[in-house]
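Here is a short report on one protein model. It covers charged pairs, a core and a pocket.

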Amino acid sequence: MLPDVLTNAGGVTVSYFEWVQDLGRLFWDRDEIRSRLADKMADAFDRVWWLSEERSISLRGAALVAGINEVAAALDARGIFP
């Protein structure tokens, strides 16, 4: 079974793409959006699968760990937490 974080991420990702297009006054056709979404989702799934295998944890646990790692890296990159 796939974690809900991954299965629900497609809609959120496409909403982000819409925001990016609006800011940049861009227009991507359906094929471009689907291609970009497939790349993002495949990358996310691969990272979660790898963590699950490496740490011998469920996909749900790996998705949680991956999410926490992403937030921690973003905070660190912005210097929010020492």
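Glu54 and Arg55 form a salt bridge, with their closest N and O atoms 3.8 Å apart. The term salt bridge requires a side-chain nitrogen of Lys or Arg within 4 Å of a carboxyl oxygen of Asp or Glu. Glu54 is partly exposed, at 45% relative accessibility. Arg55 is partly exposed too, with a relative accessible area of 45%. Partly exposed lies between buried (under 20% relative accessible area) and exposed (over 50%), using a 1.4 Å probe and protein chains only.

This is a predicted model, where local features need pLDDT of at least 70 and side-chain atom pairs count only at pLDDT 80 or more, while totals for chains, interfaces and linings use all residues. Residues are numbered from 1 along each chain as its sequence is written, and side-chain values use heavy atoms, without hydrogens and water.

The structure holds four salt bridges. Three of them are listed here.

| Pair | N to O distance |
|---|---|
| Glu54 and Arg55 | 3.8 Å |
| Asp43 and Arg47 | 3.2 Å |
| Glu70 and Arg47 | 2.7 Å |

Shared partners join Asp43, Arg47 and Glu70 into one network. Asp43 and Arg47 sit four residues apart in helix H3, about one turn of the helix. Glu70 lies in helix H4 and Arg47 in helix H3, so this pair ties together parts 23 residues apart in sequence. Helices here are DSSP runs (H or I, at least four residues), numbered from the N terminus. Asp43 is partly exposed at 41% relative accessible area. Arg47 is partly exposed at 33%, and Glu70 at 46%.

Next comes the core. The largest nonpolar core has nine residues: Leu6, Ala44, Val48, Leu51, Leu59, Ala62, Ala63, Val65 and Ala66. Such a core is a set of buried Ala, Val, Leu, Ile, Met, Phe, Trp, Tyr and Cys residues joined through side-chain atoms within 4.5 Å. Helix H3 (30–55) and helix H4 (59–77) each supply at least two of its residues. H4 gives the most, with five.

The largest pocket holds about 570 Å³ of space. Among its 20 lining residues, Leu6, Ala9, Thr13, Ala44 and Arg47 are the closest to its centre. A pocket is an open set of points on a 1 Å grid over the protein atoms alone, where a 1.4 Å probe fits, with protein on both sides within 12 Å along at least five of seven lines; lining residues have an atom within 4 Å of a point.

Notes:
Grid points are joined across faces, edges and corners, and a volume is the space filled by probe spheres set on the points.
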